[in-house]
Amino acid sequence: MLETVGQKSRFFQPRRTLALLIVLLVFCLMASVFFGSENLNFADLSNLERTILFDVRLPRIFLGACVGASLALAGAALQSLLRNPLADPYLLGVSSGAALGTMLAFVFFTNFEFPRPILAFIGASAATFTVYQMAKSKAGMNVERLALSGVIVTTLLSSIIILFTSLLDATKLRSFTFWLLGDLSQGTKNGFYLVFISAILGGVVLFSQAKALNLMMIGERDALDFGVEVEKVRLIVFVASAFLVGVSVSSSGSVGYVGLIIPHLIRLSVGSDNRLVLPFSAIAGATFIVFADTIARTIIAPRELPVGAITALIGAPMFIYLLKRS
Amino acid sequence: MLEVKNISVGYNGSPVVRNISFTLEKGKIITLLGANGSGKTTILKALNLSLPLIEGEILLEGRLLQSFTRREIARKITVVAQETETKFPVTVLEFVLAGRFAHGSAFGWETQQDLQIARECIKLCDLEGYEERLMNRLSGGERQRAVLARALATQAKILLLDEPTNNLDLSHQALTFRLVKNRCQKCDSAAIVITHDLNLASEFADEIILLSGGTVLTKGTPHEVLTQENLQKVFNVRVLLDENPISRNLRITAIY
C-alpha cells in the first residue's frame, strides 16, 4: 500500500526514500561510533576505551538519535495540526516551555533527576496551549499570528530562564548555557532509556492520528465535515508533542530546526501523507542529530560545540533556501 | 430524511439565524437564497452540527442529529464547502480520498474499494488525469471540482453545497448541477444548495427558502418564491421575470 497513492508523480517515491533514509541513518550511526575526541582502537579495546565506547559514546549517539526522532515527529505533527509548514517546537516556544520546566527542576530539585522530564512536559504543554490560544482568532489562525505568538512566548520564557540562571554558580552556569543551546554531552544512560521510551510511545500515538491529521492539514472545518473529532485529535497531538519535546529537552536542551527542516524535506520527497511523513521524519531526524552531534564532538576536539549550534548552522540557511523555493 | 425544527444558530451563544424549519425529502433539492450575511452558510454549518444549535432540533432519519457520532454524521451528510486552499503539497487523489475517512478505520490505509470510488468521483467531476496533480497548483475552478469529488466520494445521501459553482465556467456549472440532480433522483439522495445564481436555483430547485435578516421570508416552489416583490425586498434590485423557452422554468434578469 506504500506506493498506492501518488506513485506516478516524481515527488512520490516512498520505497526508495525509505531505503535511502535507513542507509543514511546506519551510515551516520556507524560513522559517529568511529569518530570522537578520543581515537579508539576498535581491534583491541582497552578498559578505558571500552568505558568510553559503551558508557559515553554509544549512549550519547543513541540519545541523539532518539532526540532527533522525537523533535522531528513533534514538528511534523504540529505543522499538520496547525496547518502551518513553519510550525516547529523550537520556534513555537514549546522547547522554551520545556527548558523552563527543566530549569525549575534543576534549581529546586538539584539532586533528583526524575522531576526534570515531568516539569519539562508540563512546561511544554503550557507553552503549547498558550501559543495556540494567542494565535487563534475569530478569523482563524494565520501563519504570521502563530509565528508572532511563538516569538512572544519564547522571549518571555527565555527572560524567565535568564532570571533563574542568576541563581546558578559559575560552573553550573556554563554547562547550563550549553544545555540551553542543545547539548548531548550531559546525556546519561537513564536519559537515553527515558527518551527512547518516550519516542516510541509518542511516535505510536502520533502515528495513530496520522489519517486524521491528513484532514486537519487541509482545514479544521473540512476535517469536522468528513468525520474527524477535531477537539480530540487536537488534544492528543498537543499532549503527545509536548511529551516528546518535554522529555527530549529535559535530557538534551533545546535543539532547534530539527522539527522544522526535517518534515519539510520529507514532504518534498514523499508528499504530505502523514502516514509516511511521520515515520520518515523520525528516521531523518535521528540521522540529522547524529550527524550534527558527530560534527559538534569532533570539529574543535578535544573541545566541543553544543549540537544545537550545529543544527542551527545547517538548518537556518537550508530553511531560507526552502522558503525561497516554495 | 432531514427534519429541521425551529432551529436558532449563531456564534458564541448569540443567534445569527432564528426559527428555521423545513423538511428535506428524498430526491429533492432545496436552495437557500438570500443577500450576503443573511445566514445561509450558518444554517448549512448547523445541518451537520459543525455549529451547535442554540435552540430547536434536527432529526436525521427520525433520530436526533446529536445522537449520531461525528463519523456517522459524515457518512450520511456531506459538505461541499467553498474551495479550500492548502499550504501542503496534497494531490487531487489524496484530497478526494479524504472523503473516505469516515468509512474505513481511523488508522491505517485506504482499501482498493476506497481508491476505486475516489477515482470514479474524480472522473465524474471531469478531473480525470488530474489524480497526481497538486491541489495548490490547480485553478480555482479545478479545485472547486475536486471539493465536489471529495464530497461525492463519501457516498452520503444528503449533500450540503455552499456556493458550489463559485469559480466554475458555464459548462462546469451545468455539470455540477446535473451531477447533484442526478444523484438526488437516482441514488435516493437529497441536497441543500446555497447559490447566488437565481436562474440555476429556478432550474434545479424543488423548493426555495428565501432568507432575510436571519429568518425565513418565504419558502415554496421557484414559481411561488421568485416573485418581483420578494426579490426586490431581499436584494433591493428590480428584476424582469419571464419563461425560459426551453425548460419552461422561470428566467430572472436583473434590471441595472
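Two strands are taken to pair if DSSP finds at least two bridges between them. Strands (E, at least two residues) and helices (H or I, at least four) are DSSP runs, numbered from the N terminus.

The model is predicted: local features need pLDDT of at least 70, side-chain atom pairs count only at pLDDT 80 or more, and totals for chains, interfaces and linings use all residues. Residues are numbered from 1 along each chain as its sequence is written, chains are lettered from A and ligands numbered from 1 in the order in which they are written, and side-chain values use heavy atoms, with hydrogens and water left out.

**Sheets of chain B**

In chain B, six strands make up an open sheet with mixed pairing, in the order S6-S7-S8-S3-S9-S10. Its edges are S6 and strand S10 (215-220) of chain B, each of which pairs on one side only. On average, neighbouring strands of this sheet are turned by 20° against each other, direction ignored. Within it, strand S3 (residues 29-34) and strand S9 (residues 207-212) of chain B run parallel and are joined by five bridges; Gly34(B) has Leu211(B) of S9(B) as its bridge partner. H5(B) lies across S6 and S7 of chain B and runs at about 175° to S6(B). For such angles, axes are lines fitted to C-alpha atoms, for helices over the stretch in contact, and values run from 0 to 180 degrees between N-to-C directions.

A further open sheet of chain B has four strands in the order S2-S1-S4-S5, with antiparallel pairing. Strand S2 (14-24) and strand S5 (63-64) of chain B are its edge strands, each pairing on one side only. Strand S1 (residues 2-11) of chain B runs antiparallel to S2(B), and seven bridges join them. One bridge partner in S2(B) is Leu24(B), which belongs to Leu2(B). Helix H1 (residues 40-47) of chain B lies across S1, S2 and strand S4 (53-60) of chain B, at about 120° to S1(B).

Strand S11 (residues 238-243) and strand S12 (residues 250-255) of chain B pair in the antiparallel sense over six bridges. Leu241(B) stands opposite Ile252(B) in S12(B).

**Positive phi values**

Most residues other than glycine have a negative phi.

| Residue | Phi | Location |
|---|---|---|
| Arg83(A) | about 50° | loop between helix H2 (47-81) and helix H3 (94-108) of chain A |
| Arg248(B) | near 65° | hairpin of S11(B) and S12(B), with six residues between the strands |

**The interface between the chains**

The contact (heavy atoms within 4.5 Å) takes 39 residues from chain B and 37 residues from chain A. Together the two chains bury about 3,400 Å², 65% of it on carbon and sulfur atoms. Buried area is the accessible area (1.4 Å probe) that two parts lose on being put together, summed over both. Of the area that chain B buries against chain A, 23% comes from Phe88(B), Phe101(B) and Trp109(B), more than from any other three residues.

Seven residue pairs, both members at pLDDT 80 or more, are in polar contact between chain B and chain A. A polar contact is a pair of N or O atoms within 3.5 Å; within protein, one must be able to donate a hydrogen and the other to accept it, and residues adjacent in sequence count only if both atoms are side-chain atoms. On the side of chain B that touches chain A, helix H2 (70-76), strand S6 (77-80), helix H3 (92-97) and helix H5 (140-153) of chain B each supply at least two residues. By class, that side has 18 nonpolar, twelve polar and nine charged residues. Ala, Val, Leu, Ile, Met, Phe, Trp, Tyr, Cys and Pro count as nonpolar, Asp, Glu, Lys and Arg as charged, and the others, Gly among them, as polar.

**Salt bridges**

A salt bridge is a side-chain nitrogen of Lys or Arg within 4 Å of a carboxyl oxygen of Asp or Glu. Arg150(B) forms one with Asp222(A), with the closest N and O atoms 2.5 Å apart. Within chain A, Glu231(A) forms a salt bridge with Arg234(A), the closest N and O atoms being 3.4 Å apart. Both residues, Glu231(A) and Arg234(A), lie in helix H10 (residues 230-252) of chain A, three residues apart, about one turn of the helix.
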